[in-house]
Amino acid sequence: MNTSCKPNAELSRCIWNSTRPIGKGDLARGLLPFSSKNEIRIRRGTRKVRAVVSMSRTEAAEKSDGLTYKDAGVDIDAGSELVKRIAKMAPGIGGFGGLFPLGDSYLVAGTDGVGTKLKLAFETGIHDTIGIDLVAMSVNDIITSGAKPLFFLDYFATSRLDVDLAEKVIKGIVDGCQQSDCALLGGETAEMPDFYADGEYDLSGFAVGIVKKDSVIDGKNIEVGDVLIGLPSSGVHSNGFSLVRRVLERSGLALKDNLPGSSLSLGEALMAPTVIYVKQVLDIISRGGVKGIAHITGGGFTDNIPRVFPKGLGALIYENSWDVPPVFKWIQEAGRIEDAEMSRTFNMGIGMVLVMKEEAALALLQVDHGKNSVYRIGEVVSGDGVSY
């Protein structure tokens with residue numbers, strides 16, 4: 001039997017399928033283990049609702065002068081409504097990863113893709129890091145429960161198998177697993193003629209981790225005055241690329257052009273792989289004082305941080321408390337995007353938020369010694385939602 005458990009803007013869904021015979025279009029791939037997720041990602045439970053949108057340059061002009069995610073074809077509110085409806089059929093959802101009891105522990109499962117960032121991979125020819133993104137999107141979800149990733153599986157689908165290109169993609173997956181200290185347990189390569197454009201492919205990833213039941217991080221003991229610690233992102237990560245591509249159209253710049261305020265090209269900046277936070281987060285957890293963790297993906301701060309809070313608590317984000325990468329400043333200026341839209345679509349330079357006791361947070365900041373690997377970005381307050 002095959003199981004696929006889906007976390008996340010997100011509701012956990014487990015589907016049981018009978019093992020099917022391998023057809024001509026499928027290449028079963030098993031990889032030896034080693035040791036060492038355009039798109040909506042509405043995070044409302046352990047299910048990720050995604051709308052993959054591919055906008056052409058000839059489509060209708062934007063509804064307003066300032067661009068929004070909805071203008072780019074992604075309706076977050078529609079995704080939220082679907083999640084509410086699914087929640088009625090699958091009560092008890094709510095985390096970034098799905099938890100399955102196993103003795104005195106929980107297995108924590110997550111699944112994701114990389115959205116329309118793949119479009120930029122096709123345009124830039126950068127294929128050796130997109131696999132890192134794939135691993136990151138799943139393992140970063142499951143560590144929000146305090147789980148250590150155990151293994152990862154991937155799904156690679158294409159119209160016609162280009163072995164050299166596929167090897168580059170899988171190399172990135174291997175790199176991501178090494179960064180996560182988890183095993184690449186296997187995968188599936190599907191060759192599907194006429195289904196994808198020539199030279200294009202799609203990716204999905206699946207991760208499973210484990211955490212002791214008495215060590216699960218669930219946010220239940222979060223209280224007013226707790227500190228929000230932000231871990232910096234490498235850039236856009238793997239969310240919001242439908243809007244990014246629309247901004248790129250409007251800007252008149254090409255991917256090879258220089259990103260204003262940076263020595264990188266736009267293509268290099270946008271394709272920077274998602275940070276894998278596994279080792280850093282597990283190290284911080286081991287120091288004590290972590291009460292809740294939010295992975296900042298689709299929905300940005302606005303939708304993701306409140307997911308780990310008890311009812312009646314909200315977040316106050318301090319202005320100018322971290323360095324916003326130049327790529328977000330360019331996106332906002334070139335797309336004339338409102339602050340609220342940016343905060344609900346992108347991570348804005350913070351890819352993970354930890355809610356900590358004040359004394360534990362201060363100790364962590366002292367250890368950091370200005371290395372800019374952690375930032376004090378806010379605090380827990382009475383109320384609902386996120387204020388800036």
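I take contact, and so packing, to mean heavy atoms within 4.5 Å, and I keep in mind that this is a predicted model.

**Helix 2.** I looked up which residues of helix 2 (residues 117–124) are buried, and found Lys117, Leu118, Leu120 and Ala121. Viewed down the axis of helix 2, these buried residues fall within an arc of 160°, so they line one face of the helix. I then asked what that buried set packs against, and the partners are helix 3 (130–142), strand 8 (201–212), helix 5 (241–251) and helix 6 (266–270). Just after helix 2, I noted that Gly125 takes a positive phi of about 75°.

**Helices 3 and 4.** Turning to helix 3, I found that it packs with helix 4 (residues 163–180) at an angle of about 40°, their axes being 6 Å apart, which makes helix 3 oblique to helix 4. The contact involves, among others, Ile130, Gly131 and Leu134 of helix 3 together with Val169, Gly172 and Ile173 of helix 4, and helix 3 passes helix 4 in a right-handed crossing.

I traced an open sheet of 6 strands with mixed pairing, in the order 10-12-9-13-11-14. Strand 10 (290–295) and strand 14 (386–387) stand at the edges with a single partner strand each, so one side of each has no neighbour in the sheet. Strand 9 (residues 227–232) runs antiparallel to strand 13 (residues 375–382), and 4 bridges join the two; within this pair I located Gly230 opposite Tyr375 of strand 13. Helix 11 (residues 358–368) packs on the sheet, where it touches strand 9, strand 12 (350–356) and strand 13, and its direction makes about 35° with that of strand 9.

Key: Residues numbered from 1 in each chain as written. Predicted model: local features only at pLDDT ≥ 70, side-chain atom pairs only at ≥ 80, totals over all residues. Heavy atoms only, no water. Pairing = 2+ DSSP bridges. Axes fitted to C-alpha atoms, helices over the stretch in contact; angles between N-to-C directions. Buried < 20%, exposed > 50% of the residue type's maximum accessible area, 1.4 Å probe, protein only. Arc of directions from axis to C-beta. Parallel < 35°, antiparallel > 145°, perpendicular 65-115°, else oblique. Left-handed = near helix turned anticlockwise from the far one by under 90°.
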